[in-house]
Amino acid sequence: MKNMSNVDVYAVCHELRDLLKGARVDKAYQPTKDTVLIRFHVAGKGRVDIVFQAGRRIHMTQYPLPNPKIPPNFPMLLRKYIKGATVEDIRQYNFDRIVELHVAKEKKFTLVIELFAKGNIILLDEEGKIILPLKRKLWSDRKISSKEEYKYPPKRGINPLEVKKEELEDVFRNSDSDVIRTLARSGLGGIYSEEILLRSNVQKDLPASEISNSDLDSIYNSIYGLFEPLRTSNFHPQIVSDGKEDVLPLDLKIYENYKKDAFETYNEAADEFFSSEVRETIKNEYEDVWGAEVKKFEKRLKIQEETLDKFHKTIKVSKKRGDLLYANYGKIQSILDIIKDAREKYSWNEIASKLKTARKQGLAGADIIESLDKLGNLTLKIDDEVINIDAKVEIPENAEVYYEKAKKAKRKITGVNIAIEKTKKEIEKAKNKKEIEMERVTLPQKRVKKELKWFEKLRWFLSSDGFLVIGGRDANSNEIVVKKYMENNDVYFHSDIHGAPSVIIKSQGKEIPETTLNEAASFAASFSSAWTKGFGSQDVYWVHPDQVSKTPQSGEFVKKGAFIIRGTRNYVRAATLLIAVGVVDYEGERLMAGPLDAVKKYTDNYVIIKPGYTKKEALSREIRRKLDQEHIVTMDDLVRVLPSGKADIVDERDLRRR
């Protein structure tokens, strides 16, 4: 199982530095016990996921890993300290398998990822003290624990990008091993050591201390030539297969005759290589989790079925014992009469002794007596059935005790059968869920970033009359909507509230019907701050393009994304805040969020929402489930099109009743 080498770490850090510098830290997750995934927002690119696996790897990933239902402490602490922070740098420490991620918020923090041995992930404060490690560890010279000062491990090996010939000579002269082991232990690893010796034509088993000057020169030159692409950032990312599995940032002669797949970046190559491997680990973990869930219900079912058998047995035995009391009525009554008479002179213990003697002597009727205790409880044995009765009461009362016990057990059987059926359904449900979850893990779905149409980068919908309506998402896109996309015959909408998008109906030179005007008004209201305030309706006005200006009067100031409206405003009073979300076919299948009538025109598969109390992520999951279009709709798609703020799903039948 491959772990990243020092060379791999150099390549991945070089690429990630260019990608992440200036990015914003979003959320942190912990899919497995030694793996942390951090989501970043990169300007102009959007979401970028980086996976950190202690002791093994670090790279960008497009394979979202399943997350535990209850987040562990470590990612929650990362969210607390570095969510919203800006990435200042990401670098390799001392050409070692150690990565430092430097971020800044009100304070500066460093996330250290150790990729040697079993590895670790450690959050440091700006003074270099440990806030929390993923794993607490203790060595004689290093203590990895909260509030301790973080110490780097002792320097090992050489840096092939900076090594001098004299340094290399010292490494060999002071070694008691052969050449290849000496190189490998110097931080170059087995593969690169083999490559260096292949290029230099030096025998692997040559004792390092006996190396000649010419061999030393050859090895030194091979090191320089092999790692030159690292200096010039001229990587050749590839996955080697066909009998040998490896992922590399450089071309190696030892893999000359192997099948190779080339990639644009080493991050992409590492993602493809490690993700399938890691899925197996996660698959095993999920197998255990869901197996335990199934076993929990199976154990419950076993107990319930044993209880059911016990009740059936109780019914059978209790009824039999009651019947035997009546079947042997005369014999038992004689015994009870004898005991009753004896009680006038003797104690229970004395009577028990006399009955025992009578049984030994073979007196008639005494053969069914087993024992009598000091409370008057008489034990009989009839037809191999042990029957306990109270000698102080009559036979019908004793028989009724057994019949009542049978009735009680019979009444309980109904409840147990209901519980058993419920548990069987839970087992089936758990097994089905296990299959779904295991399929999701074993068949990784690569998160491919879709190329958005120009209007998808804005708020948009297609009106029921076929007019494209667009709106801004923020101050920047408000400027774009007006300055770039608004034309003379279009119509401009704006909610009569602070915090609202500029909305444009693209007329294409056609007359705009009343239905489209009303739909655009509802759209403008729904994506304004009225939604986050929980309003049900909002006044909206519309004007013509020549009434929209960025030029202020003397003494006025117009901030970015805002415009001055001159002349008469046309109001749509109490525009409804209601949005439908559905998959429509408009220049290809895509997700559209707009007024209900508009969305209904183009699809039967939609979900209606209104201002409410459900957080956007939970709402997105529910909408995705209801739309049942996972091959088209992603969580990112849904989050992008929904209004800001909380919302609830609305049943259309409830709307009709209003």
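Trainee: Is K143 buried, exposed or partly exposed, and what is its relative accessible area?

Mentor: Buried means under 20% relative accessible area, exposed over 50%, and partly exposed in between (1.4 Å probe, protein chains only). K143 comes out partly exposed, at 42%. Keep in mind that this is a predicted model, where local features need pLDDT of at least 70, side-chain atom pairs count only at pLDDT 80 or more, and totals for chains, interfaces and linings use all residues. Residues are numbered from 1 along each chain as its sequence is written, and side-chain values use heavy atoms, with hydrogens and water left out.

Trainee: Which side chain meets K143 in a salt bridge?

Mentor: A salt bridge here is a side-chain nitrogen of Lys or Arg within 4 Å of a carboxyl oxygen of Asp or Glu. For K143 the partner is E148, at 3.8 Å, N to O. E148 is partly exposed too, with 29%.

Trainee: And how many salt bridges are there in the whole structure?

Mentor: The search finds 38. One of them pairs D178 with R181 at 2.6 Å; D178 is buried at 11%, while R181 is partly exposed at 46%.

Trainee: Where do E194 and K204 lie?

Mentor: Their side chains form a salt bridge at 3.5 Å. E194 sits in helix 4 (residues 179–200) and K204 in the loop between helix 4 and helix 5 (213–226), so the pair ties together parts ten residues apart in sequence. Helices are DSSP runs (H or I, at least four residues), numbered from the N terminus.

Trainee: Which residues are linked in a network of salt bridges?

Mentor: R17, D89, R91 and E100 are.

Notes. Helices (H or I, at least four residues) and strands (E, at least two) are DSSP runs, numbered from the N terminus.
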